[in-house]
Each structure stands twice: as C-alpha cells, then as structure tokens.
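Subject: Structure handover

Hello,

Here is the structure we talked about. Please load it first, then read the notes below it.

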Amino acid sequence: METADLIFRIVLIVVIFAISLVVAMYSTYAERKVAAFFQDRIGPNRAGPWGILQPLADGGKMFLKEEIIPTNATGFLFIVGPSLAILTACIGSAVIPWGSAIQIGGRTFDLQVTDINVGVLYIFGVVSLGVYGIMIGGWASNNKYSLLGAIRAASQNISYEISMGLSIIALLMLTGTLSLKEIAEQQHGFAWNVWRQPLGFILFLVCAFAETNRSPFDLPECETELVGGYHTEYSSMKLGFYLFAEYINMFISSAVMATLYWGGYNYPGMDWVAAHAGPTIAPIIGVVVLFGKIFFSIFFFMWVRWTIPRFRYDQLMDLGWKILIPLAIANIVLTGVGSTLLTHFGY
Amino acid sequence: MESLSNKRKVLEVKPLNFLERAYLPAIVGGLSTTMKHFFKKPVTISYPEEKREFSENFRGMHSLKRDEDGRERCTACGLCALSCPAEAITMTAAERQNGEEHLYREEKYAAVYEINMLRCIFCGLCEEACPKEAIYLDGDIVPADYLRKDFIYGKDKLVEAPLNQ
C-alpha cells in the first residue's frame with residue numbers, strides 16, 4: 001500500500017469515527033427535539049441558540065456524575081459491558097462505502113475504509129457481537145431487572161437476526177455479491193434495490209428496529225417493567241456509553257439500510273452531475289446524498305418511536321417467529337422464482 | 001336477564017380483517033397523525049420570558065396596600081394571622097410616633113410583618129379577614145429560591161411601592 005493511500009485511509013478512519021460520534025451526539029439532541037415537535041412542544045432550547053449545545057451539556061453532566069459500581073457487581077465485567085457495546089457500535093462503519101472513488105491531486109482514493117468481499121457478513125457479525133455488551137453488562141450488574149433486560153435483549157436479537165439474515169439472502173440472490181461496495185455500485189442512478197425488494201426492505205427495517213433496541217421493540221430497557229433494563233445499575237459515563245452505543249447503532253444501521261436498499265451514494269442524474277462537477281466534487285455530492293438518506297432514516301427511527309407503543313414480549317416473539325420468518329422465506333422463494341422467470345424470458 | 005336500567009350495551013367484538021391484522025396500514029395511519037402534529041404550532045409557553053394570562057380572581061403574591069396619601073393601611077390587628085389556616089403570617093405591632101402620620105394611617109402599625117411563602121396556601125382568607133383593606137393577593141407567582149429562609153417575605157418585599165408624587 002502506498003504512503004499516500006495509507007495516510008488517506010487513516011484520515012478517513014479518524015473522520016468517520018468523528019462523524020459517527022458527532023452524529024450520535026446530535027441524534028440525542030435531535031431525538032429530544034423531534035419528540036417535542038411530535039408532541040406540540042418546543043424541546044431543549046436553553047443551551048445555546050435553539051439548544052444546539054445541549055449534547056455538550058449532557059456529555060459534561062455524564063462525565064461529572066458519580067461513578068457507582070455496586071458492591072456485588074462483577075467489577076471487571078461491569079466495565080467491559082459498556083466498553084464492548086460502544087466498541088461494536090463503532091467498528092460497524094468500517095465496511096460502509098461512503099462514496100464513489102474520489103480524485104484528489106491526480107490520485108484516486110476509495111471512500112471506504114476497507115472493501116472486504118464479505119462486507120454484509122461482517123456487518124452481521126458486528127451486529128451479533130453488539131448484544132454481548134448488553135448481556136455482559138446486565139449479567140455483571142447482579143440485579144434481577146438488569147438480568148431480565150439482558151435476557152430480553154439476547155433472545156430478541158437472536159430471534160430477529162434470523163429474519164434479518166433471511167431478508168438479506170433474498171437481496172443477495174439479486175446482487176450476487178457480499179461486498180457492500182459492489183452492491184452500492186450496482187444501484188447506479190435510480191436502480192435502487194428497494195424497487196426490486198420492497199418486502200425484503202420492510203422485513204429488514206422491522207428487524208433493524210429490533211436489533212438496535214429501538215421503540216417499539218425497546219423491551220430490554222422497558223422502564224415501566226424493568227426500571228432501566230440492562231443499564232439499571234449503571235451511572236456516569238458508563239451509562240452514557242450504553243445510550244451512546246444505541247445512537248451509533250442507529251446511525252450505522254441507517255447507513256447499512258441506505259447502502260443495501262436505498263442506493264447508497266447513488267441518486268438520479270448522477271452521471272450528468274459527474275460530467276459537469278468533475279471527479280473531485282461529484283463523489284462529495286454523493287456523500288452528501290448518502291448522508292441525507294441516513295439522516296432521513298434516523299428521523300424515521302425517531303418518528304416511529306414517538307408514534308407506536310411498545311410491544312408486549314409475547315407479541316414481539318410472535319411477530320418475529322410466526323410472521324417475519326415465514327414472510328422472509330416466502331420472499332426468498334418469490335425472488336428466486338421471479339428472477340429465474342425474468343432470466344428465462346430474457347430480461 | 002332483562003337489565004333494570006335498560007342501559008346495558010352489548011359489545012360486538014368482530015375478528016380483525018386482513019388489513020387490520022397486517023398492522024402496517026394502522027402504523028402508516030399513526031405515522032401520518034404524528035406527522036400532522038410535527039408541523040403544528042407548539043403550545044409551550046416559555047415561562048419566565050412569556051407568561052400565561054392569569055384569570056381575574058387569580059391569587060398570587062401578597063401586597064400590603066397604601067392609602068390615597070401613600071400611608072400604610074395595615075394597623076397590625078392580627079386578623080389576617082388569626083384567619084390564616086396555614087399559620088403563615090406573623091407580625092409585631094408598634095405605636096405610631098408623632099411625626100409619622102404621613103407613614104402610617106392608623107395609630108398602631110406593623111413594625112414587622114412576615115409571610116412564610118412556603119407555608120402560604122394562597123387561600124385568600126387574610127384578604128377577606130382584613131378590616132382595613134390592607135392586604136391583597138394581587139401579585140405575581142412567588143418566585144423560586146434556594147434557601148428556606150429566603151421564602152419568609154418581610155415588609156421590604158410585601159409593602160406596595162410608595163406613590164409617585
């Protein structure tokens with residue numbers, strides 16, 4: 001690997017890390033603002049103009065809070081839990097293609113940290129690891145509520161990972177590759193996968209809600225039954241890590257959703273833009289488009305949170321096992337039959 | 001059995017049809033409802049800067065009134081303290097000296113007059129008990145503070161500002 005390439009990659013890693021943290025930070029602010037607007041309120045507006053310094057104030061508060069480790073908690077695992085949660089949340093962004101190749105000073109760079117040929121599998125692995133942070137934290141707290149929350153998180157994630165995987169399989173049958181970069185490139189212009197896989201997208205969306213523990217599937221931290229769920233015993237920045245991990249997860253899953261189904265950095269008329277804006281500006285516009293899609297998706301997460309009440313636990317399991325999995329399998333069959341027929345008749 | 005009041009209503013529970021069971025149309029309906037609220041004007045009143053209009057008989061902070069010549073009306077009879085169900089009012093009476101006629105209307109006045117705003121329930125009985133029309137609960141909301149002792153309001157806070165002449 002050349003030096004320039006290496007430097008660019010390191011810069012890219014730092015930038016993406018910073019962006020995901022900033023996006024997560026401002027997602028907490030956006031969540032409160034969006035919630036307020038949905039409920040005819042104003043929301044935080046005291047810290048800075050329109051309250052835009054609110055995340056900093058919240059962060060400062062989190063750092064200054066007293067750090068409590070319960071006497072009967074397993075000390076080491078109690079700290080590993082939130083660390084693991086935020087670590088797995090952050091490493092998911094490594095395989096996401098943020099834009100097409102960009103030309104700077106005659107050199108071409110990929111706007112992607114690493115293009116591994118099993119990108120989709122990598123994302124899955126990271127998402128599955130994410131639940132360990134919650135489980136370890138809930139277990140190490142030595143608290144019944146925390147343990148119940150952790151158990152719920154584990155069984156919920158396992159159940160929904162199956163239908164998520166099955167809905168992805170239908171997509172992979174069409175793309176024929178596991179590399180996220182190739183999947184993004186295949187959706188050039190307006191040929192987004194969501195037009196070919198609407199049912200698959202809805203299944204993936206529902207599962208993404210469940211995987212990120214967002215409402216209506218936020219049972220692991222269901223405050224009416226479980227006090228705070230898996231983070232009942234946590235205080236200070238360790239609690240902050242858990243809350244932060246949820247928002248980073250939301251950001252990453254929005255990015256994955258945009259890449260897999262909504263065309264990633266592709267948009268209608270991109271060839272015309274590329275011809276007129278040149279090889280440096282055009283990819284940047286693509287990045288902006290991708291972020292627009294991500295932000296809308298994050299907004300959708302919040303929109304749903306403030307609309308739909310929480311599921312009951314048995315309803316959650318019913319939905320996952322009796323509805324989503326059969327639908328996902330039916331979707332695979334439909335996709336297989338459909339694509340075979342289309343190929344047969346020469347499309 | 002025939003119901004006596006004839007008001008019994010038999011509920012008919014129909015099984016959900018396919019669209020209702022599919023759940024998604026209902027979610028879309030819910031999302032559109034919340035989106036309507038998203039663009040509605042907030043009903044929030046940003047309190048310290050913006051104040052809700054009080055009703056005419058709103059009872060707020062007390063004020064000790066002056067008469068038309070700017071003299072304190074209170075004669076320290078203690079009826080307000082006696083009528084107070086929360087025992088929030090205390091006072092110390094004093095005799096008016098010569099040359100103080102422009103300050104106090106009656107021959108006896110309240111040298112110290114204190115209301116504990118944490119005890120006060122803003123019932124307005126002091127206002128009704130007062131024979132001299134000296135106390136009215138016509139002020140604003142009592143502001144928040146940090147220490148209990150700062151909620152005991154003396155004459156410096158209660159007596160109306162002197163008339164501008």
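Which elements of chain B have the lowest and the highest mean pLDDT? Helix α1 (residues 18–22) of chain B has the lowest, at 78. Helix α4 (residues 125–129) of chain B has the highest, at 92. Keep in mind that this is a predicted model. Chain B averages a pLDDT of 87, and 98% of its residues score at least 70. For the model, ipTM is 0.75 and pTM is 0.81.

**Helix α1 of chain A**

This helix covers residues 3–38 of chain A. Its length checks out: 36 residues at 1.5 Å a residue should span 52 Å, and the end C-alpha atoms are 50 Å apart, so the two agree. Buried residues in α1(A) are Ser20(A), Val23(A), Ala24(A), Ser27(A), Tyr29(A), Lys33(A), Val34(A), Phe37(A) and Phe38(A). Note that Lys33(A) is in that list. Within chain A, the buried residues pack against α2 (54–64), α3, α10 and α11 (270–305). They also pack against α2 (24–38) of chain B. After the helix comes Asp40(A), with a positive phi near 60°.

**Cores**

The largest nonpolar core has 85 residues. Ala85(A), Phe204(A), Cys207(A), Ala245(A), Ile248(A) and Phe251(A) have the most contacts inside it. Helix α10 (residues 236–260) of chain A gives the most to this core: 14 residues. A second core is separate and has 17 residues, including Tyr104(B), Tyr113(B), Cys120(B) and Ile135(B). As background, nonpolar side chains tend to be buried together in soluble globular proteins.

Leaving out residues up to four places away in sequence, Cys207(A) touches Tyr160(A), Ser163(A), Met164(A), Ser167(A) and Leu324(A).

**Contact between the chains**

Chain A puts 10 residues into the contact, and chain B puts in 10 residues. On the side of chain A that touches chain B, six residues are nonpolar, two are polar and two are charged.

**The sheet in chain B**

Three strands form an open sheet in the order β2-β3-β5 (chain B), paired antiparallel. β2 (89–95) and β5 (152–153) of chain B are at the edges; each has a single partner strand, so one side of each has no neighbour in the sheet. β2(B) pairs with β3 (residues 108–116) of chain B over seven bridges, in the antiparallel sense. Opposite Thr90(B) stands Glu114(B) in β3(B).

**Single residues to look at**

- Asn142(A) has a positive phi, near 60°. Asn142(A) lies in the loop between α4 (119–140) and α5 (144–175) of chain A. With 15 other C-beta atoms within 10 Å, Asn142(A) is partly exposed.
- Glu133(B) has a positive phi, near 50°. Glu133(B) lies in the loop between α4 and β4 (135–136) of chain B. With 11 other C-beta atoms within 10 Å, Glu133(B) is exposed.

Best wishes

Note on methods: Residues are numbered from 1 along each chain as its sequence is written. Chains are lettered from A and ligands numbered from 1 in the order in which they are written. This is a predicted model: local features need pLDDT of at least 70, side-chain atom pairs count only at pLDDT 80 or more; totals for chains, interfaces and linings use all residues. Two strands pair if DSSP finds at least two bridges between them. Helices (H or I, at least four residues) and strands (E, at least two) are DSSP runs, numbered from the N terminus. A nonpolar core is a set of buried Ala, Val, Leu, Ile, Met, Phe, Trp, Tyr and Cys residues joined through C-beta atoms within 7 Å. A residue is buried if 20 or more other C-beta atoms lie within 10 Å of its own, exposed if 12 or fewer, and partly exposed in between; C-beta atoms are placed from the backbone. Two residues are in contact if their C-beta atoms, placed from the backbone, lie within 7 Å. Ala, Val, Leu, Ile, Met, Phe, Trp, Tyr, Cys and Pro count as nonpolar, Asp, Glu, Lys and Arg as charged, and the others, Gly among them, as polar. The expected span of a helix is 1.5 Å times one less than its number of residues. pLDDT is the predictor's confidence in each residue, from 0 to 100.
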